[in-house]
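Have the coordinates open as you read.

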Amino acid sequence: MPDAAGSAEDAAAAPDDRLVMATFMGQYDLPALAVADTLGLFPLLARRPAGAAEAARRLRLHPYNTEVLLALVAALGYLTVYEGAYHLTPAARAFLLPGTGRYWGPMLQLGWDEKCTAVQLAVREGRAHGYRGHALWETHSRVPRRADLFTAAMHAHSAGPAAALAARLDLAGAGTLLDVAGGAGTFAVALAKRHPQLTAQVLDLPAVADVARRTLEEAEVADRVRLCLRDMFDGPWPDGQDLVLFADTLCDWDDDACREMLARARAALSPDGRILVHQVMLDDSRTRSATAAGYALALATMSGGRLRTASELAGLLTEAGFTGRQLVPLYGHYSLMTARRG
């Protein structure tokens, strides 16, 4: 396995991951369109434009996941938003209304696959599909092969953003870091290599242990980055931390779980400690980037998570007692929000 996060020089010289992320998240483009067609969203909006909440109510769908679905369909160019309501674009009117001569519904059904079924389940019932109907985290605890693949995939997904974060983040005066749900330790490794005064703990389930240990050993930081293998919702976290990092973590959970994690983070921090939230953040319209909108649908479908706007994250941090928020765009679609314990 290569270096856990690459060097800061590599991060500065290499392109960011927007192209490969767009390609990967494009796997949700067809399911979004096919499910919107199957659920009757296009005829509904043709009769009367509506916001996501109204459309969900009229079709008896899950409110949040309907919003996520419509945001992606809009980002793809089939809907536009005006005064809070979704309207059909000319392309949608030409090809997505049943009964017209150019209706593409049968073609979309021809491309229907398991991912379409999973998206439909999420929008109809609000249930995450995970692995063929089996929840992600429970599957990882039962099937080591799945856990190893997922941990390695998240490591690959995080290597570029972690190197960029380490190159930009000023950690002068910080000695301890808790990386929550840190997987293979990709971010903790990058930060520890860049900041030799830093020691870190990676808090995650035992299922990540094999891949994480290899990562730490190959990065030669096992003496300063340790694994804390347990359920993050079970018992207090290691306290006295200068920094608590959530990297692609809060987006895997609903608001109630995030509130619990933020309360635990605040308790784990030293009085002048900082929280770091590093993830893709939606713009306030939610429809500007098809990649980010696709990511939001992927999270809703796979884990039941929520990709939030910066304003929504700021609200959760304020509610949890954090102060002095700062937001910095960092790498590709990723941004960093920091705050003080308060």
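## The second largest pocket

The residues around the second largest pocket split into three nonpolar, three polar and five charged (Ala, Val, Leu, Ile, Met, Phe, Trp, Tyr, Cys and Pro count as nonpolar, Asp, Glu, Lys and Arg as charged, the others, Gly among them, as polar). The list is Asp170, Ala172, Gly173, Ala174, Asp242, Leu243, Ser270, Asp272, Gly273, Arg274 and Arg340. Two elements supply two or more of these residues: strand 6 (241-247) and strand 7 (269-280). Strand 7 gives the most, with four residues. The pocket's volume is about 180 Å³.

On terms: a 1 Å grid is laid over the protein atoms alone; a cavity is a set of points where a 1.4 Å probe fits but cannot get out, a pocket is an open set with protein on both sides within 12 Å along at least five of seven lines, and lining residues have an atom within 4 Å of a point. Points are joined across faces, edges and corners, and a volume is the space filled by probe spheres set on them. Helices (H or I, at least four residues) and strands (E, at least two) are DSSP runs, numbered from the N terminus.

The model is predicted, so local features need pLDDT of at least 70 and side-chain atom pairs pLDDT 80 or more, while totals for chains, interfaces and linings use all residues. Residues are numbered from 1 along each chain as its sequence is written, and side-chain values use heavy atoms, with hydrogens and water left out.

## The cavity

There's one cavity of 30 Å³ or more, and the largest cavity has a volume of about 60 Å³. Its lining divides into seven nonpolar, no polar and two charged residues. Helix 6 (63-75) and helix 15 (290-302) each give two or more residues to that lining, and helix 6 gives the most, with four.

Seven strands form an open sheet in the order 5-4-3-6-7-9-8, with mixed pairing (two strands pair if DSSP finds at least two bridges between them). Strand 5 (225-229) and strand 8 (323-331) sit at the edges, each pairing on one side only. Strand 3 (residues 176-180) and strand 4 (residues 199-204) run parallel, joined by five bridges; Val180 has Leu203 of strand 4 as its bridge partner.

## Two helices

How do helix 11 and helix 13 cross? The axes of helix 11 (residues 144-168) and helix 13 (residues 209-219) come within 8 Å and cross at roughly 40° (axes are lines fitted to C-alpha atoms, for helices over the stretch in contact, with angles from 0 to 180 degrees between N-to-C directions).
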